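Visitor: Hello! Could you show me around this structure?

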Amino acid sequence: MADVYEKCSVIENECWELRLVTEEDAKDLVKVYRDKNALPFFNSDNCHGDNFYYRTEEQMHDVIKGWLWEYARKGFVRFAIIEKRSGEAIGTVELFNRVSEDSFNGYGILRLDVRSDYEREDVLSPILSLITEPAYTLFSCTMIATKAAIYAVERVEALKKAGFEKTDQCLVGHDGTTYRDYWVRKQTVRG
C-alpha cells in the first residue's frame, strides 16, 4: 500500500466513501461543525483549546486549509466521509500515528466527527468497519484508540461492534493534561 501522505487512499463500500478532505467540502462540513448537538461527541483532546465549533463557511475553509497543511507536513490525515446516496460530506475521520511518552505511543489515533443526525450506531458501525483495518497499515500501528464518553451511547455500541474495548489508560497531552474515555482495538492477525 502506498504511503498515505504521498497519495491518500480512497476507502469505500457501497454506501460510504472516505477520501482526503478538500476545500470544496466546506459547504457540507460547516453543517457538521456548527451543529451544537454534534459538538459533545467530537474529540478535541490535545488540540490547543480548539473545540471544533465553526459557524461560517469561511471559518470552515480556513480549518480545511489547516488540515491540508497538516497533511502536507505528515501530521495527520483528515478524511471526508461522503454518503454516496446524497453525495454529501456528513463528517470527517482524522487519523495519525501518535508519538508520545504515554501509553498511547505508536497508536493510531482516530477522531470521528459526524453531524448529530448521523450519530447513530447504524451509521457509525459501517464507517468504523470501513476505516479500522486499513488504518493499521496506512498509519503503521498495531493499536487504534478513539474517544467515546459514557453519554455517547450509540457510538459506544458501534465501537463494541467493531471490537474496541474501554481502557482506563489516560492519554497525556503535550501540556501534561490527562484525557479519559478512550477505547482501543488491537490489530487482529489473520493466519
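Visitor: How much space lies in the largest pocket?
Guide: A pocket is, on a 1 Å grid over the protein atoms alone, an open set of points where a 1.4 Å probe fits, with protein on both sides within 12 Å along at least five of seven lines. Its volume is the space filled by probe spheres set on the points, which are joined across faces, edges and corners. For the largest pocket that gives about 630 Å³.

Visitor: Which residues lining the largest pocket are the closest to its centre?
Guide: Lining residues have an atom within 4 Å of a point. This is a predicted model, where local features need pLDDT of at least 70, side-chain atom pairs count only at pLDDT 80 or more, and totals for chains, interfaces and linings use all residues. Residues are numbered from 1 along each chain as its sequence is written, and side-chain values use heavy atoms, leaving out hydrogens and water. Of the 31 lining residues, the closest to the centre are Asn46, His48, Phe76, Phe96 and Arg111.

Visitor: Which helix gives the largest share of that lining?
Guide: Helices (H or I, at least four residues) and strands (E, at least two) are DSSP runs, numbered from the N terminus. E4, E5 and strand E8 (171-172) are among the elements that each supply at least two lining residues. The largest share, 4 residues, comes from H2.

Visitor: Is strand E4 largely enclosed or open?
Guide: Buried means under 20% relative accessible area (1.4 Å probe, protein chains only). In E4 (residues 88-97), 9 of the 10 residues are buried, so the strand is largely enclosed.

Notes. Buried means under 20% relative accessible area, exposed over 50%, partly exposed in between (1.4 Å probe, protein chains only).
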